[in-house]
Amino acid sequence: MIQPLAIEVSNVTVAYPNGHIALRDATFTLQQGTISALVGVNGSGKSTLFKAIMGFVKPISGSVLLAGKTVEESRKTKLVAYVPQTEEVDWTFPVSVWDVVMMGRYGHMNFLRIASAEDKRMVNESLARVGMTEFKDRQIGELSGGQKKRVFLARALAQNGQIILLDEPFTGVDVTTEEAIIELLRALRDEGRIILVSTHNLGSVPEFCDHVVLVNRTVLASGPLEDVFTEDNLNRAFGGVLRHFHFESSTIQDHDGKTVKLLTDDERPLVFGKDGHLEYKDRFGREELVKKRKEEVGE
Amino acid sequence: MTDLLTPFEYDYMLKAILVSGLIGGVCAFLSCFITLKGWSLMGDALSHAVVPGVSLAWIVGLPFSVGAFIAGILAALTMGWVKKKSGLREDAVIGVVFTSWFALGLLLLSLYPSHLNLKTIIFGNILAISDPDILQVLIIAGISIIVLTMKWRDLLLYCFDEAHARAIGLNTSFLHFLLLALLSATAVAALQTVGACLVVAMLVTPGATAYLLTDRFGKMLIISTVTGALCGVCGAYASYFINGSTGGCIVVLQTLVFLLVLFLAPKHGILSLRKLRRQTTQTMPQSRIEKSGCAS
């Protein structure tokens, strides 16, 4: 009997050797076919949770189950793929795009790591999926920020990871590539994988995540985006870190077509409506939500 | 013409040339990992830290390489332990530990002279290498080559992205230890050729040279190994004519090759970078220059 894919984190507490408790009593569950955001400030335990899921740290209490198995058991099936932060990688390393993606296949190869026809096919297919085929012979340092991200995503695909962990996937990535990556993540979700994205970039979360895990030394809330991503919860998770721009009585007139334009230099802004509900950029694809809101206020 | 062949008429020269070439090649193979992993200082430390092992092995009657190898590993473990317990920076820890081990070695060697005298250990004396010592070098080199050719891909992944290596089930603690063990073993093998002081050059320079010449790790391994072996052979050969220290000849030769490559390498050489910069300044605005500088 094959267990359905899921991440079950129950009452996990992680302490570092110096006695510092990085995470206390964290509990959440992710089902297959979701894109989930792991949101919290720096030092809130996001990377500790990642490490616990990958089995790099051992919780002093609680358990992490992947598809019903312990992390150690599931490692044999190469279930978890990790896409590192851009800063974690040594880009001067003499390896090509092809070499890096092939590293995703190592776990599937024999003792000597000699690539089979199947390995090569998977690498080609993964490169094609992220649109990096023409760059396959480039040294990795010669790529742009977005291309670098795509290479490591291709490695996760080549590994055939069913649980894909991404660490800050949109830092240093231009807007077009960001859209392309989001598109790809959606396609992966629709194949039934679990995508878990660690980020402190709040504005991007409503754009592509359907599930949110809010962390601050523990899991504060976990659930569907609309339920968890509220002003109250975010204030709890971020404390005084967030900068608020409250348009108390804004100058928008009806003849402006009720349109506001927000400019930021890098990260996407997160916009809440009057009652603390999330605002989205487009109505397109969210007709249900618009209808629901209309009914709520009795329009 | 016949003058050029005279070194080959002497048995000891022939042995010296061949052993130098072999050790040069093995060290150079390993140097690709050492330079990329950022372990150059570690290589220097281990090559000095093996010295007390030579003396202790002599006292208890073991082959010198066994003692030296164990001393190297112990020194590496001490460094790891001190670093963890003290919270000092790595360079400080290496500095403290390797000098203590080296000092202990000097002390032991002065108190209990072994078959290798202090000068041989520190500066090398390949011309006087004995047959049993050649056998030890052959065994170390053979094992190192076999392990490296079988496991280079795993070691590469470990050096490049440890987290991924762990995530797909590679035993990274084992790979870490394996690299340390290979480093100690080759440092021991190179001890008699160039001496403890210059071993680090054999373990770094060929890798650094090859790095400037290619962007592919596979090619880097080949270029580095060939350079290392050729410098070993040619250096030992040349030392006959100039009547100089063999170790010195080998390392000076390696350095000359490195300097040549540093200036003339087709892509990463100083001259071609300068040329590229000139071209971009002529055709592109300021921002583009920064970029091409980063890319190379």
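In chain A of this predicted model, strand 4 (residues 61–66) and strand 5 are paired in the antiparallel sense, with two bridges between them. Within this pairing, L65(A) has T70(A) of strand 5 standing opposite. Both strands belong to an open sheet of four strands in chain A, whose order is 2-1-4-5 and whose pairing is antiparallel. Strand 2 (21–31) and strand 5 (69–70) of chain A are the edge strands of this sheet, and each of them pairs on one side only. Helix 1 of chain A, made of residues 46–54, lies across strand 1 (6–15), strand 2 and strand 4 of chain A, and it runs at about 65° to strand 2.

Chain A also contains an open sheet of six strands, in which the order is 6-7-8-3-9-10 and the pairing is mixed. Strand 6 (80–83) and strand 10 (219–224) of chain A each have a single partner strand, so one side of each is left without a neighbour in the sheet, and these two strands stand at the edges. From one strand to the next, the twist averages 15°.

Helix 5 (residues 145–158) of chain A touches strand 6 and strand 7, and its direction makes about 170° with that of strand 6 of chain A. Helix 6 (residues 175–190) of chain A touches strand 3 (34–39), strand 7 and strand 8 (194–199) of chain A, with a direction that makes about 120° with that of strand 3 of chain A.

The contact draws 33 residues from chain A and 25 residues from chain B, and together the two chains bury about 2,600 Å² between them, of which 60% is on carbon and sulfur atoms. Four salt bridges are found across this interface, and in a salt bridge between E142(A) and K267(B) the side chains meet at 2.6 Å, N to O. Between chain B and chain A there are also ten residue pairs in polar contact. On the side of chain B that touches chain A, helix 8 (131–160), helix 9 (162–167) and helix 12 (217–242) of chain B each supply at least two residues, and the largest share, eight residues, comes from helix 8 of chain B. The residues on that side of chain B divide into 14 nonpolar, three polar and eight charged.

Definitions and conventions:
Residues numbered from 1 in each chain as written. Chains lettered and ligands numbered in written order. Predicted model: local features only at pLDDT ≥ 70, side-chain atom pairs only at ≥ 80, totals over all residues. Heavy atoms only, no water. Contact = heavy atoms within 4.5 Å. Buried area = accessible area lost by both parts, 1.4 Å probe. Polar contact = N/O pair within 3.5 Å; in protein donor to acceptor, adjacent residues only side chain to side chain. Nonpolar A, V, L, I, M, F, W, Y, C, P; charged D, E, K, R; others polar. Pairing = 2+ DSSP bridges. Axes fitted to C-alpha atoms, helices over the stretch in contact; angles between N-to-C directions.
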